[in-house]
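Hello,

Here is the structure I promised to pass on to you. Have a look at it first, and then read my notes below.

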Amino acid sequence: MSELQDTSTLVTGGTSGIGRAAAIALADLGAHVLISGRDEVRGNQVVQDIRSAGGQADFLPADLRDAASARSLVARARELVDQVDVLVNNAGIYPLGPTERTTEREFDAVFALNVKVPYFLVAELAPEMAKRGHGVIVNVTTMVAEFGATGTGLYGASKAALALLTKSWAAEFGPHGVRVNAVSPGPTRTDGTAELGDDLDQLAAAAPAGRTATAEEIADAIIFLATDRSSFVHGAILPVDGGRIAV
Ligand SMILES: NC(=O)c1ccc[n+]([C@@H]2O[C@H](COP(=O)([O-])OP(=O)(O)OC[C@H]3O[C@@H](n4cnc5c(N)ncnc54)[C@H](OP(=O)(O)O)[C@@H]3O)[C@@H](O)[C@H]2O)c1
């Protein structure tokens with residue numbers, strides 16, 4: 001029997017990059033995957049790719065920006081599946097740049113998608129998981145939540161908040177059978193980072209691995225945390241960054 005047979009998972013930002021790779025890997029293990037994102041063309045393509053490989057998937061379009069959009073996504077998920085067993089909080093934006101050039105609108109957008117939306121998705125789903133006595137939440141943070149660097153302050157601060165929430169939720173929901181953990185990726189080639197070009201390679205060069213990751217390498221770590229392979233892991237922030245924060 002496949003590892004995630006008879007489970008349903010919700011992956012935010014499943015239309016691209018790390019989320020797409022995670023959605024495909026979860027479906028390969030037998031999960032019914034609900035993919036969320038704004039881009040219907042990319043979302044439907046991921047669903048089609050999963051279904052043609054024999055998996056189960058549905059696309060739930062959503063522009064996630066606040067508590068209401070998070071709650072609405074969960075309500076639509078509940079129309080498709082009896083329960084969400086695994087939540088992957090992956091959708092994120094990462095505008096980089098000097099502090100003085102950041103607008104208030106940009107600041108609010110980063111904290112809305114990277115912090116507020118995961119917060120209210122967990123608020124909707126974790127209590128139900130706790131009632132059932134099992135469930136898994138995997139958050140996607142970043143290595144730049146771990147150290148200071150020019151231009152990454154706003155983004156890193158938002159993911160540092162998500163890292164702390166990971167530990168708080170592990171304390172709150174772990175005793176009720178819900179494991180909450182995070183993957184902290186280093187520079188990864190995705191649609192979203194394509195425009196960074198050589199800058200991404202330069203960032204990656206500082207780590208022992210000396211290269212960028214593929215989305216599938218990050219998805220492998222998400223799978224570890226999403227399955228019983230990590231049954232004794234609670235509140236961990238797993239660096240998948242080529243060793244960058246270790247040295
Ligand atoms: N790539 C890296 O180097 C790297 C490193 C560390 C951490 N991370 C983190 O990993 C996660 C995924 O990164 P990625 O590089 O795979 O990103 P990506 O290729 O840019 O994909 C981002 C995903 O988020 C969704 N999204 C963006 N804004 C949204 C909104 N307002 N409402 C709903 N969905 C929205 C996008 O869907 P639509 O376009 O369909 O809306 C897309 O599926 C992010 O949280 C990022 O911070 C990435």
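**Around the ligand**

A backbone N or O atom of G13 sits 3.0 Å from an oxygen atom of the ligand. A polar backbone atom of I18 is 2.9 Å from an oxygen atom of the ligand, and for a polar side-chain atom of R38 the distance to a ligand oxygen is 2.5 Å. These are polar contacts, meaning pairs of N or O atoms within 3.5 Å (within protein, one must be able to donate a hydrogen and the other to accept it, and residues adjacent in sequence count only if both atoms are side-chain atoms).

How much of the ligand does the protein bury? Taken alone the ligand exposes 890 Å², and the protein buries 93% of that (areas by the Shrake-Rupley method with a 1.4 Å probe; for residues, only the protein chains shown count as cover). The elements giving two or more residues to the shell around the ligand are α1 and α5 (153-173). Helices here are DSSP runs of H or I with at least four residues, strands are runs of E with at least two, and both are numbered from the N terminus.

There are 31 residues around the ligand, and S16, R38, R42, Y155 and T190 come nearest; "around" means having a heavy atom within 4 Å. The shell divides into 10 nonpolar, 15 polar and six charged residues. Ala, Val, Leu, Ile, Met, Phe, Trp, Tyr, Cys and Pro count as nonpolar, Asp, Glu, Lys and Arg as charged, and the others, Gly among them, as polar.

**How to read the model**

This is a predicted model, in which local features need pLDDT of at least 70 and side-chain atom pairs count only at pLDDT 80 or more, while totals for chains, interfaces and linings use all residues. Residues are numbered from 1 along each chain as its sequence is written, and side-chain values use heavy atoms, with hydrogens and water left out.

**Salt bridges**

The structure holds 12 salt bridges (a side-chain nitrogen of Lys or Arg within 4 Å of a carboxyl oxygen of Asp or Glu). One of them joins the side chains of E3 and R229, at 2.6 Å from N to O. Because E3 lies in the segment before β1 (8-12) and R229 in the loop between α7 (215-226) and β9 (237-240), this pair ties together parts that are 226 residues apart in sequence.

**A cavity**

On a 1 Å grid over the protein atoms alone, a cavity is a set of points where a 1.4 Å probe fits but cannot get out, and lining residues have an atom within 4 Å of a point. The largest cavity is lined by T12, N89, N90, A91, L113, V117 and P118. Helix α4 (residues 104-132) gives the most to that lining, with three residues. The lining holds four nonpolar, three polar and no charged residues.

Enjoy exploring!

Key: 1 Å grid on protein atoms, 1.4 Å probe; cavity = no way out; pocket = protein on both sides within 12 Å on 5 of 7 lines; lining within 4 Å.
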